[in-house]
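Here's a walk through a two-part model, one piece at a time. Keep the viewer open and follow along.

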Amino acid sequence: MALRIGIDVGGTNTDAVVLDGRRVVAATKSPTTEDVTSGILSALTEVLREVEPSQVSAVFIGTTHFINAIAQARGLEPVAAVRLATPPQSLLPMIDWPDHLRDIVGDHFYVCPGGAQFDGTPLNVVDETALRDVAERIRESGRRHIALSSVFSTVNPESELLAERILLEELPGVTVTRSALVGRVGLLERENATILNAALLELAGRVIDGLEQAVASSGIHAPILLSQNDGTVMTLERARLFPIFTIASGPTNSMRGAALLTGIDDAVVVDVGGTTCDVGLLQRGFPRESTVAMSLAGVRSNFRIPDVLSFALGGGTMISGDGGTVGPESVGFRITEKALVFGGDTLTFSDIAVAAGATPMGDPTLVADLSPETVKAALAVVGARVVHAVEKAKLRADDTPVIVVGGGGPLLAVVPGLEALVIPENAGVANAVGAAFAEAGGEVDRVFNLEGRTRVEVLDLAKAEAIAKAVEAGAAPDTVRIVDAEDVPLTHLGGGSAVHVRVKAAGPFARPAATTSAATTSAATTSEGN
Amino acid sequence: MRIIDEAALNDITLGSTVLGAGGGGDPYVGMLLARDAIRRFGPVPVVSLDEVPDDANVAFIAGIGAPGVLIEKLPRAAEYERVLQTLERFTGVTYDFVCPAEAGGLNAVTPFATAAPRGIPVIDADGMGRAFPHLEMVTPTLYGGTATPCVFIDEHGNTMYLETATNSWAEAFARAAVLASGANAAMALYPMTGEQAKKWLVRGALTMAQDIGRTIREARVAKTSPVHAVLESQSGVLLFAGKVEEVDRRNERGWTMGTATLSGLDAYHGRTMTLHFQNENLAAERDGVVIATSPDLIMAMEIDSGEPIPAEEIRYGYRVAVIGLPADPHWRTEAGIALSGPRRFGYDMDYRPIEEPVA
């Protein structure tokens with residue numbers, strides 16, 4: 001028997017499920033721990049009571065750790081943003097960021113001469129002296145993470161490569177995230193994602209160390225795969241360098257999980273975690289994607305990710321004494337020590353819901369004397385916020401079903417004004433179920449010389465190769481499909497006949513019996529998302 | 001006169017993306033530039049043509065280049081601040097008002113980057129009622145207005161002053177310069193008097209952009225279809241609904257050029273559409289038959305959200321409605337069609353008003 005394990009590491013809870021096909025064999029929820037590792041290990045230990053570690057063919061992990069870090073501006077490292085363009089620039093790095101994030105991650109940015117024209121020829125000569133000066137200022141600022149962007153590095157990355165070498169020479173030990181590896185055309189959006197990636201690197205290292213240790217200690221010797229934004233998986237090695245590609249996997253997993261648990265393919269999905277609530281639209285079993293500009297906790301990006309509205313509401317959300325102020329602060333994973341029902345001293349949304357009659361947790365008598373006015377006021381704020389978000393997510397004023405998932409999901413059952421919610425069995429572990437059903441992806445990302453072929457022929461070639469890679473990575477051949485295709489002509493190369501092709505194919509992993517070896521292959525061949 | 005605040009700027013930005021007809025350049029970038037200018041120098045008054053004295057001096061302010069370029073090579077305030085005073089240095093004339101050349105795309109708001117530091121108003125009008133890829137394709141050309149004297153400034157420190165025989169020559173020289181410079185520059189052009197502006201320009205073009213933006217925003221709030229709301233308010237026609245299957249796009253000869261091919265959804269299942277663009281969408285071909293062309297506006301909008309999707313951003317897998325909006329009456333004349341119709345762009349076909357049913 002080949003089983004797959006899905007794990008969701010949320011801000012509050014770590015959930016694990018064991019799946020035999022679509023059947024949930026075992027499920028558990030345990031608090032996310034500060035070190036991440038022990039929470040995963042206890043979740044794994046719990047589900048492995050029912051099955052042997054050797055029966056596990058692959059461990060699929062999804063985490064909202066990184067988007068939570070951005071949403072709460074916590075655990076982020078300060079970043080030095082270096083842009084290669086024509087100085088002085090007017091639209092500077094982080095120009096349209098929310099202030100609270102810029103205060104923590106930014107305001108250290110530098111513009112140096114460099115970059116490419118649209119045809120790949122140099123825009124400005126890279127000024128080595130200026131860059132070494134910038135390096136000196138970065139050293140003085142104590143920043144250890146650099147986000148490097150360059151005009152048209154998607155067409156010609158040479159400026160970025162040269163600047164990376166110079167900066168690393170001057171500042172050994174810092175990290176440099178290059179924008180050409182993170183995003184596509186659109187300097188501001190690509191740079192934003194690059195800066196966020198740099199800000200997340202240390203956290204990513206700690207979290208991924210934890211994942212590896214936990215799985216190893218549980219006795220499982222199967223590949224570990226991490227969900228990324230587009231619903232496919234990547235290896236942990238890659239996730240260490242590009243945590244930004246996991247940033248939207250939470251919504252993808254919860255919406256896929258909601259569809260898998262309910263059999264409903266068209267719905268609004270409300271995922272209530274410990275800290276945030278994500279609301280998105282499920283269409284034909286998949287999350288509706290953003291089109292042009294998508295906000296990552298207020299930061300504009302051009303990633304291809306689920307169109308999800310996030311706001312601060314979860315089981316751990318802190319409530320003011322009069323119930324009038326709900327969040328945005330959350331006790332997060334400390335809910336079991338901080339919340340009143342667990343004997344703590346902080347009033348949270350969980351306490352309010354339990355006082356109002358939600359499924360009991362902790363010791364309900366500890367909230368028995370909460371003032372009814374406080375409970376009523378807090379529920380009114382929560383109800384209005386959720387209704388507003390559901391209405392915003394809906395595209396039409398119709399009776400689209402609303403599925404509620406997530407650890408805090410059952411808390412919504414007591415909120416007035418929220419009728420006709422679908423709360424499935426195992427709603428609390430929907431993300432882990434969704435993670436376990438992440439797809440295998442295959443990507444082609446390289447420069448082709450047309451050599452007498454038309455670009456359509458080259459694209460078809462690349463598509464066939466991407467499909468073959470996805471199948472090799474474990475996708476069932478009859479369901480694999482092209483999910484993204486793009487080509488950028490590189491007129492400065494190959495006498496004008498070079499074209500940079502990016503094609504991505506994806507499909508569900510084939511039946512577990514076949515995935516044992518295939519999942520191993522996927523660890524080696526799946527690559528970047530977005 | 002009214003004052004444009006940041007909320008109004010956001011509606012104009014959204015609406016001008018629709019008026020961009022696939023091109024005109026990312027208005028988000030223009031909005032950031034305009035917002036920055038307004039934050040630094042204070043709000044900018046917008047006046048109707050009727051408020052402009054006949055003897056006032058007016059000039060268009062516009063960015064020129066490829067939309068696919070200016071999202072990388074971002075426009076800078078310095079060029080927009082300097083461009084008008086440079087024109088004044090050559091002509092010896094002081095300009096009292098600036099006006100958008102095109103209300104479609106980022107050029108709806110680039111004049112704010114010039115007006116704010118100068119402390120002069122922007123006129124609620126434009127020379128297109130949309131966006132076009134050539135600088136001679138403005139209503140003043142139809143009435144004998146001249147593009148030059150004009151000034152071109154790029155980010156590399158190059159300034160060009162032009163006096164040309166015709167507006168087509170002005171386009172040819174400016175295009176050659178913008179290509180050499182890297183496909184993004186600022187211009188001050190079409191100097192004219194207030195009296196001329198009143199006769200030549202498309203009135204209320206900024207208000208039209210703002211209205212379209214507000215229509216989309218309000219439809220979203222009301223949970224009705226933003227696409228239908230725009231069609232209704234602007235007498236538009238739904239041309240297609242489909243999924244983007246292929247995009248062939250390149251930055252070439254100073255423009256963003258190519259095609260997007262769509263396969264039909266819902267009522268259009270089994271059918272195809274190809275959008276041909278040169279910065280703007282110039283022709284829409286359904287099942288091999290051209291059903292809409294310039295000067296009418298052809299625009300792709302995300303089916304559900306109504307998000308207008310410019311040609312430089314359209315991507316594989318997007319689900320879009322393709323809509324057609326009638327061009328301003330200035331363009332639906334023999335001279336207007338000769339200047340901006342399909343034959344002008346090399347299509348061997350006649351212009352057919354978008355509201356006429358397909359045979």
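In which sense do E22(A) and strand E23 (residues 498-508) of chain A pair, and over how many bridges? They pair in the antiparallel sense, over nine bridges.

## Ground rules

This is a predicted model, in which local features need pLDDT of at least 70, side-chain atom pairs count only at pLDDT 80 or more, and totals for chains, interfaces and linings use all residues. Residues are numbered from 1 along each chain as its sequence is written, while chains are lettered from A and ligands numbered from 1 in the order in which they are written.

Helices (H or I, at least four residues) and strands (E, at least two) are DSSP runs, numbered from the N terminus. Strands pair if DSSP finds at least two bridges between them. A residue is buried if 20 or more other C-beta atoms lie within 10 Å of its own, exposed if 12 or fewer, and partly exposed in between, with C-beta atoms placed from the backbone.

## The E22-E23 pair

Back to that opening pair. Strand E22 (residues 481-490) of chain A is mostly covered, with seven of its ten residues buried. For a landmark, find Val488(A), which stands opposite His500(A) in E23(A).

Strand E1 (residues 3-9) of chain A is mostly covered: seven of its seven residues are buried. Leu3(A), Ile5(A), Ile7(A) and Val9(A) point one way, Arg4(A), Gly6(A) and Asp8(A) the other. E1(A) pairs with strand E4 (residues 56-63) of chain A in the parallel sense over seven bridges. In E4(A), Gly6(A) has Phe60(A) as its bridge partner, and Ile7(A) stands opposite Ile61(A). E1(A) and E2(A), by contrast, run antiparallel and are joined by six bridges, with a hairpin of three residues leading from E1(A) to E2(A). There, Asp8(A) has Asp15(A) as its bridge partner.

Arg23(A) lies in strand E3 of chain A, and it counts as exposed because it has 8 C-beta neighbours inside 10 Å. Arg23(A) and Val433(A) sit 9.8 Å apart, C-alpha to C-alpha, though 410 residues separate them in sequence. Ala440(A), in strand E21 (residues 439-449) of chain A, counts as buried because it has 29 such neighbours inside 10 Å. Its C-alpha atom is separated by 5.8 Å from that of Ala470(A), 30 residues away along the chain.

Why call H4(A) two-faced? Leu131(A), Val134(A), Ala135(A) and Ile138(A) are buried in H4(A). They cover an arc of only 105° around the axis (taken from the directions from the helix axis to the C-beta atoms), which puts them on the same side of the helix. An α-helix has 3.6 residues a turn, so residues three or four places apart point the same way. On the other side, Thr129(A), Glu136(A), Arg137(A) and Glu140(A) are exposed.The cover over the buried residues of H4(A) includes strand E5 (79-85), strand E6 (108-113), strand E7 (145-150) and helix H5 (158-170) of chain A. Gly142(A) follows the helix, with a positive phi near 80°.

Chain B has eleven helices and 18 strands. Its radius of gyration (taken over C-alpha atoms) is 19 Å, close to the 21 Å that the globule rule (2.2 Å times the number of residues to the power 0.38) gives for 359 residues, so chain B is as compact as a globular protein of that length. The C-alpha trace spans about 60 × 45 × 35 Å along its principal axes, and 61% of the 359 residues count as buried.

In all, 31 residues of chain B are in contact (C-beta atoms, placed from the backbone, within 7 Å) with 28 residues of chain A. Helix H2 (27-41) and strand E11 (237-252) of chain B each supply at least two residues of the side that touches chain A. The largest share of that side, five residues, comes from H2(B).
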